[in-house]
Amino acid sequence: MTSIAEESKFVELVRGWLVSLPHDLKIAFDAMDDENLPRPAREAAAGVIAYVVSPNDAVSDRNDAIVSYADDVVLLRLALQKALIAGEDEQTFRDRFPELFEGLDEHLGLCRSIMGELMTWLEAKVPSLHAIDYKGKKITKYLDNEDAREKLFDDGLVFRTDYPVDEKTITDKLKKSATILDAMTRRRQEEARAKGAKLAVAAKA
């Protein structure tokens, strides 16, 4: 059982993450471009960028446009935490961005206690981020091909420009942990339906 204080802290945490997503996405781009980082770390960063900026085609309005980004902000931190967990170069990168990495282990621990299976769902995505197909290209293409990389950067810029969340909207829209958990549950269900539809098509082929 979680306490009211924990739930309130979780809501405040996710509110802050939602507001800072455009900035945090830029940090992920910095990780993707940092040639001092190991290749797997850079691929994980590119993969989570693709996940965040990809449109969710399953639902045209993404239900509530504010909290629908909650899975993105948690997954971005899970991916960067795992990719940059060890090594001198990784630590140097983390030290450049204390606003994202400071206290991250504790913050993700709070998410696990509140989110339960939803956190397990997001954590299971991390190992396969490097294998995401984005606009018909493998993630490695966005590291190795300058034109592809520029297109991903442009998509990130469009995402950050059009992002609908700010301090005012988040205060009005997000007051309870159930709002976040319901949005993530819908996203997981949409993903499962889309995957089931693809499997059905493949079975008929």
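User: On what basis are residues and values reported here?

Analyst: Residues are numbered from 1 along each chain as its sequence is written, and side-chain values use heavy atoms, with hydrogens and water left out. As the model is predicted, local features need pLDDT of at least 70 and side-chain atom pairs count only at pLDDT 80 or more, while totals for chains, interfaces and linings use all residues.

User: Why is the pair of Phe29 and Phe153 called edge-to-face?

Analyst: The structure holds 7 aromatic pairs. In the pair of Phe29 and Phe153, the ring centres are 5.7 Å apart and the planes stand at 75°. Rings of Phe, Tyr and Trp (its six-membered ring) pair if their centres lie within 6.5 Å; planes under 30 degrees apart count as stacked, over 60 as edge-to-face and the rest as tilted. The distance of 5.7 Å therefore qualifies as a pair and the angle of 75° as edge-to-face.

User: What makes this a link between distant parts of the chain?

Analyst: Phe29 belongs to helix α1 (residues 4-33) and Phe153 to helix α9 (residues 146-162), 124 residues apart. Helices here are DSSP runs (H or I, at least four residues), as strands are (E, at least two), numbered from the N terminus.

User: Why is the pair of Phe93 and Phe97 called tilted?

Analyst: The centres of Phe93 and Phe97 are 5.0 Å apart, and their planes make an angle of 50°. Phe93 is buried at 1% relative accessible area, and Phe97 is buried at 8%.

User: What makes Arg42 a buried residue, and which residues does Arg42 touch?

Analyst: Arg42 lies in helix α2 (residues 39-53). Its relative accessibility is 13%, so Arg42 counts as buried. Not counting residues up to four places away in sequence, Arg42 touches Ala31, Met32, Asp33, Asp34, Glu35, Leu37 and Leu143, where contact means heavy atoms within 4.5 Å. A polar atom of the Arg42 side chain lies 2.7 Å from the backbone oxygen of Met32.

User: Why are α3 and α6 called oblique?

Analyst: The axes of helix α3 (residues 70-83) and helix α6 (residues 104-115) come within 11 Å and cross at roughly 130°. Axes are lines fitted to C-alpha atoms, for helices over the stretch in contact, with angles from 0 to 180 degrees between N-to-C directions. Angles under 35 degrees count as roughly parallel, over 145 as roughly antiparallel, 65 to 115 as roughly perpendicular and the rest as oblique. The two helices are therefore oblique to each other.

User: Which residues meet where α3 and α6 are in contact?

Analyst: Val74, Arg77, Leu78 and Gln81 in α3 meet Leu104, Asp105, Leu108, Arg112 and Met115 in α6.

Note on methods. Buried means under 20% relative accessible area, exposed over 50%, partly exposed in between (1.4 Å probe, protein chains only). A polar contact is a pair of N or O atoms within 3.5 Å; within protein, one must be able to donate a hydrogen and the other to accept it, and residues adjacent in sequence count only if both atoms are side-chain atoms.
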